[in-house]
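Biologist: I would like to learn how to read the place where two parts of a protein meet. Could we go through it slowly, one feature at a time?

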Amino acid sequence: MDSALVIGGTRFIGRQLVSDLLDHGYDVTLLNRGTHENPFVDEDRVDHIDGDRTNDSALEAAAMTADPDAVFDCVAYQPRDVQAATRIFADCAAYVYISSGAAYGREDIPKRETETPLEPCSQEEATDDTMATYGKRKAEGDRAIAAAAERGVNAMSVRPCIVYGPHDYTARLDFWIDRVNRFDRILVPGDGTNVWHRAYVDDVASALRLVAERGAAGEAYNVGDRRLVTIEEMIDLIADALETTVDVVHAGPRELAAAEIELADYPLYREYPHILSTAKLAELGWESTPLETAMDQSVEDHLASDRTGRENGPDRDAEARVLEILDTV
């Protein structure tokens with residue numbers, strides 16, 4: 001394969017995917033509405049087709065114009081999107097859908113592609129557009145992949161956990177980088193041992209490419225850091241990248257409640273561990289970036305951006321009240 005169509009392709013995962021494809025000799029065509037700045041506008045090997053992926057005619061035109069070997073679907077948010085794309089791109093060498101670890105319907109540790117059941121999805125939920133049904137819609141998209149494979153389409157899906165890294169517009173990790181960069185004392189929800197599996201964006205991009213090149217039709221592949229860290233260990237990695245040290249202070253529900261803060265108000269905090277097995281993807285030859293390297297790059301990008309992530313978590317003044325209370329205990 002040497003040509004790719006990326007549906008989306010200008011923000012975060014899609015952006016890094018295009019860079020990875022270019023690094024591996026692909027010619028790339030982007031299909032999107034052009035509502036976000038195109039970072040590849042001056043790249044000779046990247047073409048752009050203006051179109052709305054929810055419009056089947058736009059997908060059909062892209063299939064004829066680009067005639068890609070591989071299609072990467074970064075912005076399929078409803079099952080219908082996947083159903084249409086697997087039909088329109090049925091003759092391509094590979095179609096890869098970005099699903100999500102949120103598609104799993106049971107809290108296994110770890111969640112495995114062939115063992116952990118997916119979320120159910122009703123007809124009403126399949127056409128919803130709220131975060132409440134996000135995992136359900138992604139799961140139904142995975143079922144559309146399996147159905148397409150039964151029809152002979154070389155369709156596959158990749159299920160990332162929480163993705164972080166350069167150009168992350170969600171700014172969830174930025175909240176913590178900003179805290180460590182500005183303060184000597186960092187308030188951490190709970191006892192600091194919370195685990196919410198994360199995936200470095202470069203590794204998600206390489207996983208998508210490898211699945212297109214080596215994956216099996218109808219299969220799903222989890223992707224996440226091969227070495228998991230707790231939220232407190234994540235803060236240590238950030239501090240090391242910033243060449244600083246911080247004092248971590250733990251706060252439980254009772255202490256946080258004094259400032260009207262809840263544990264779940266903190267980004268990247270999850271009460272129950274969310275862990276994905278990545279063994280199946282590793283069997284394709286995939287490797288993850290060392291955590292220190294991934295965090296160094298994430299911190300460097302944060303410092304060069306205008307993202308603070310402060311809108312994603314509690315106000316620092318509220319945290320100061322909690323710290324005062326803990327100091328008196």
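This is a predicted model: local features need pLDDT of at least 70, side-chain atom pairs count only at pLDDT 80 or more; totals for chains, interfaces and linings use all residues.

**Reading a domain interface**

Modeller: Residues are numbered from 1 along each chain as its sequence is written, and side-chain values use heavy atoms, with hydrogens and water left out.

Biologist: Which residues belong to domain 1 and which to domain 2?

Modeller: Domain bounds come from an automatic or database domain assignment. Here that assignment gives 3–164 + 197–223 as domain 1, and 172–196 + 229–271 + 291–327 as domain 2. The centres of the two domains, taken over C-alpha atoms, are 31 Å apart.

Biologist: How many residues does each domain bring to the contact?

Modeller: With contact meaning heavy atoms within 4.5 Å, domain 1 brings 7 residues and domain 2 brings 13.

Biologist: How much area do domain 1 and domain 2 bury between them?

Modeller: Buried area is the accessible area (1.4 Å probe) that two parts lose on being put together, summed over both. For domain 1 and domain 2 the value is about 930 Å², with 52% of it on carbon and sulfur atoms. On the side of domain 1, Ile162, Tyr164 and Arg198 lose the most area to domain 2, together making up 63% of what that side buries.
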